[in-house]
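Here is a quick guided walk through a protein model, written for someone just starting out. Have a look at the picture first, then read along.

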2 protein chains.
Amino acid sequence: MKAAVITVGDEILIGQVVNTNAAYLSSKLFSIGIPVGRMVTVPDERREIISEFKSSFKSFDVILVTGGLGPTHDDITKTCIAEFFQARLVLNQKVLKNVKRMFRRRNIPMPQSNVEQAMVPQNAVVLYNRWGTAPGLLIEQGGKIFAAVPGVPFEMQKICEKHLIPYLKKTFKEALSGRVIIQKTIHTIGISESVLNERIGDVNRITGTKDGTTVKLAFLPANYEIRLRIAVEAPDENSAHWALNNAIRKLKDKAANYIYSYNESPIEKVVGEILRKKRLTISAAESCTGGLVASKITNVPRSSEYFLNGIVAYSNKSKVKLLGVKDSTLRKFGAVSRETAIEMARGIRKKSGSDIGISTTGIAGPSGAAKNKPVGLVWIGYSDKNITFAKDFIYTKDRLRNKEIMSKIALEVLRRKLLRITINN
Amino acid sequence: MKAAVITVGDEILIGQVVNTNAAYLSSKLFSIGIPVGRMVTVPDERREIISEFKSSFKSFDVILVTGGLGPTHDDITKTCIAEFFQARLVLNQKVLKNVKRMFRRRNIPMPQSNVEQAMVPQNAVVLYNRWGTAPGLLIEQGGKIFAAVPGVPFEMQKICEKHLIPYLKKTFKEALSGRVIIQKTIHTIGISESVLNERIGDVNRITGTKDGTTVKLAFLPANYEIRLRIAVEAPDENSAHWALNNAIRKLKDKAANYIYSYNESPIEKVVGEILRKKRLTISAAESCTGGLVASKITNVPRSSEYFLNGIVAYSNKSKVKLLGVKDSTLRKFGAVSRETAIEMARGIRKKSGSDIGISTTGIAGPSGAAKNKPVGLVWIGYSDKNITFAKDFIYTKDRLRNKEIMSKIALEVLRRKLLRITINN
């Protein structure tokens with residue numbers, strides 16, 4: 001059983017919008033055992049859309065379409081569906097009622113164009129959208145399922161969770177038994193792809209096919225991280241989990257110190273859990289990362305239980321005034337230095353009364369480089385009641401990537417210290 | 001002239017990685033007049049990859065492939081290319097030298113697997129990669145161009161800028177003359193898609209075809225924003241720019257107050273430019289946005305010229321201690337209130353000595369809601385020497401989206417105040 005995901009929209013083809021919807025739909029389908037074999041994006045053009053419907057409907061069991069269901073003139077997916085299935089569009093009163101409700105709630109009059117939103121192909125099951133005005137549509141034909149969901153990510157996700165995915169699971173219940181697909185992604189940080197590859201060694205010891213069970217390992221580099229994805233396909237749950245756990249154990253043997261998460265938690269969540277468990281509080285003093293360390297930490301629900309506060313001290317003056325960095329330190333060593341990072345980390349800790357202080361000072365770029373201080377250089381400071389230190393790192397040249405990577409490094413310095421991991425880099 | 005973009009990688013098909021590369025390649029191609037007519041993602045499987053090469057090579061003039069060129073076992077794009085073009089792989093000394101240099105620079109021994117990186121199809125032009133180990137490859141055949149670039153975004157982008165795009169421009173110079181494609185995206189904020197659509201009115205007055213010139217308008221909703229994309233295709237530069245400017249003028253007539261950018265600048269850059277021009281400095285006091293307002297402001301190069309500092313006061317205690325919010329205010333009105341937002345904005349302004357103070361206090365969720373204070377509620381405070389006020393907004397229920405939208409609202413409140421724009425919402 002295989003699925004195709006079709007995205008409709010010129011905005012994707014000209015590269016203006018990144019196709020996050022296709023990623024979402026694929027991961028949802030994969031999670032219920034219907035892997036996606038092909039993703040296609042087509043323009044807002046009748047001929048192209050219908051031609052893609054035709055070829056996907058021929059080769060795949062499940063066809064999901066996203067985009068082009070909105071109220072504006074460039075949305076033509078629904079009329080293409082009606083044409084492809086030779087179905088009439090009929091007014092659905094329940095959808096109309098919901099559209100009217102949406103506008104009442106926002107306290108604005110309903111533009112007439114929104115009545116169109118309530119027209120659905122007569123042969124379609126309506127996937128109700130309580131979060132927006134365009135409903136999802138689902139058509140069963142010849143043992144296959146064809147469904148279309150709106151392109152607004154939040155609405156699409158809600159419709160999938162509430163209606164589409166449960167419908168698919170129910171419909172294909174039998175077909176999906178007797179074949180189990182599971183996957184797991186392990187997150188590593190602070191190690192390069194080929195060094196990690198070398199360290200892991202013979203991947204055949206981890207991957208391979210045996211007794212109808214297949215194990216695959218993929219390396220997925222991202223900013224400062226390499227994710228290791230293990231995908232297992234097996235005849236039953238037990239074999240699948242045995243093979244998966246076996247692969248995980250082997251990877252753990254080889255690279256435990258670099259692995260920060262076995263359950264796709266971001267580094268800020270992992271660090272947050274350690275802090276919560278150890279009943280420690282933290283504060284952050286930031287220069288080059290400009291608030292991104294605090295923002296990452298506070299992405300985690302209930303982070304208020306361990307995160308006390310953050311100070312973004314962008315100028316020398318505010319480093320002195322808000323964090324108690326000494327004027328003489330700034331004069332002698334500069335703002336981007338081990339000494340300043342240390343005083344910032346100690347300063348925020350004392351000022352906040354938190355157990356730990358973390359600091360960042362570096363050169364995010366594109367300007368600001370000085371002799372021996374290139375763009376990309378960052379000092380990360382750490383301070384608790386027993387020890388205060390700083391470490392330097394250097395990565396890349398692009399401002400936004402620098403901010404992102406430097407923030408992750410700060411969190412990784414924290415993780416290693418909290419877990420007493422020592423790595424020589 | 002049309003292009004196809006093929007992405008190779010299971011990680012895309014299972015939805016683990018969002019395909020930002022395809023977006024990048026498409027926007028680059030579009031910008032030189034070669035629109036992408038189709039984007040496809042295929043699995044790391046020989047048969048699928050080669051079959052897609054075949055069908056794309058038949059229908060398109062330019063075929064760009066990304067992904068699967070790395071040093072690990074799951075990278076098979078290069079051998080598929082060699083098979084498709086029936087070419088031998090030969091060692092390229094210059095590539096090998098570069099691979100060795102990369103490892104020397106990082107001060108780590110080169111894993112043997114990396115010698116493979118220097119093997120290239122004998123009929124390929126090598127697109128050298130100074131930023132990583134996998135080179136790009138380009139093959140000309142039958143007036144068409146087939147090129148493959150690595151999937152690591154930074155390396156791919158550099159290879160495109162330096163080698164691939166110039167090569168395409170040169171090769172298709174004649175074919176690309178006599179047909180001009182331009183596009184412009186206008187960013188609006190704080191207005192819903194259908195209300196904006198209603199306000200703009202008859203889109204035929206803006207779009208349409210005339211004298212061989214076609215104008216298209218698309219609505220692209222994102223968090224709290226609607227982008228309006230105008231795409232023009234015309235026989236020459238003059239007609240194209242005339243039609244584009246005409247469309248822009250009409251949109252401006254209808255929705256000027258909601259438009260914050262005509263050149264794809266993010267809101268933080270637009271606000272930064274206004275502050276710089278007016279020679280005003282700013283500081284931010286954040287609760288629910290947890291540092292994201294400061295992080296957005298400091299995403300802009302040289303923001304240090306107007307951004308003095310930020311304080312993330314996550315607890316009541318730190319609101320009192322770091323920002324001077326009155327205990328009695330917190331007791332009487334709560335942390336999420338007009339009164340607290342006002343005291344935070346005034347507090348950070350006075351503490352920092354900046355001209356303006358901005359503040360956020362709200363409920364990012366998922367927990368923390370109280371009577372009359374649902375998740376998604378935010379108060380934005382503003383303070384300068386003449387006026388201090390706060391406004392409330394309410395959007396959605398998801399923590400990360402709330403942080404993102406609330407930060408944008410804070411920047412939009414700032415923009416409207418600085419430009420003296422009054423909107424009743």
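What follows goes from the overall build of one chain down to some single residues.

**Ground rules**

This is a predicted model, in which local features need pLDDT of at least 70 and side-chain atom pairs count only at pLDDT 80 or more, while totals for chains, interfaces and linings use all residues; side-chain values use heavy atoms, with hydrogens and water left out. Residues are numbered from 1 along each chain as its sequence is written, and chains are lettered from A and ligands numbered from 1 in the order in which they are written.

**Chain A as a whole**

Of the 425 residues in chain A, 59% are buried; buried means under 20% relative accessible area, exposed means over 50%, and partly exposed is in between, using a 1.4 Å probe and protein chains only. Now take the contacts (heavy atoms within 4.5 Å) in chain A between residues at least 6 apart in sequence: 66% of them join residues at least 24 apart.

**Helices meeting helices**

How do you describe a pair of packed helices? You give the angle between their axes and the distance between the axes. Here, axes are lines fitted to C-alpha atoms, for helices over the stretch in contact, and angles run from 0 to 180 degrees between N-to-C directions. The table shows two pairs.

| Helix pair | Axes come within | Crossing angle |
|---|---|---|
| H3 (46-59) and H4 (77-84), chain A | 10 Å | roughly 50° |
| H12 (316-323) and H14 (338-352), chain B | 9 Å | roughly 40° |

In chain A, the axes of H3(A) and H4(A) cross at roughly 50°, which makes H3(A) oblique to H4(A). Angles under 35 degrees count as roughly parallel, over 145 as roughly antiparallel, 65 to 115 as roughly perpendicular, and the rest as oblique. On the H3(A) side, the residues in contact are Arg46(A), Ile49(A), Ile50(A), Phe53(A), Lys54(A) and Phe57(A), and they meet Thr77(A), Cys80(A), Ile81(A), Glu83(A) and Phe84(A) of H4(A). Sorted by class, this contact has 7 nonpolar, 1 polar and 3 charged residues. Ala, Val, Leu, Ile, Met, Phe, Trp, Tyr, Cys and Pro count as nonpolar, Asp, Glu, Lys and Arg as charged, and the others, Gly among them, as polar.

Over in chain B, Lys319(B), Lys321(B), Leu322(B) and Leu323(B) of H12(B) meet Thr340(B), Glu343(B), Met344(B), Gly347(B), Ile348(B) and Lys351(B) of H14(B). That contact divides into 4 nonpolar, 2 polar and 4 charged residues.

**Tucked-away residues**

Back in chain A, helix H10 (residues 267-277) has buried residues including Ile267(A), Val270(A) and Leu275(A). What do the buried residues of H10(A) pack against? Their partners include strand S9 (180-189), helix H11 (292-297) and helix H15 (399-418) of chain A. Just after H10(A), Arg279(A) takes a positive phi of about 50°.

Thr213(A) is part of strand S11 (residues 213-222) of chain A. Is Thr213(A) buried or exposed? Thr213(A) counts as buried because its relative accessibility is 10%. Leaving out residues up to four places away in sequence, Thr213(A) touches several residues, among them Val232(A), Pro235(A) and Ala243(A).

In chain B, Ile311(B) lies in strand S15 (residues 307-313) and is buried, with a relative accessible area of 1%. Beyond its neighbours within four places in sequence, Ile311(B) is in contact with residues including Gly310(A) and Ile311(A), as well as Leu322(B) and Ile348(B).

Two chain A residues in the loop between S16 and S17 deserve a look: Pro366(A) and Asn372(A). The peptide bond from Gly365(A) to Pro366(A) is cis, with omega near 0°. Asn372(A) has a positive phi of about 65° although it is not a glycine, and Asn372(A) is exposed, with a relative accessible area of 67%.

In chain B, a cis peptide bond joins Gly365(B) and Pro366(B), with omega about 0°. Asn372(B) has a positive phi of about 65° and is exposed at 68% relative accessible area.

Key:
Helices (H or I, at least four residues) and strands (E, at least two) are DSSP runs, numbered from the N terminus.
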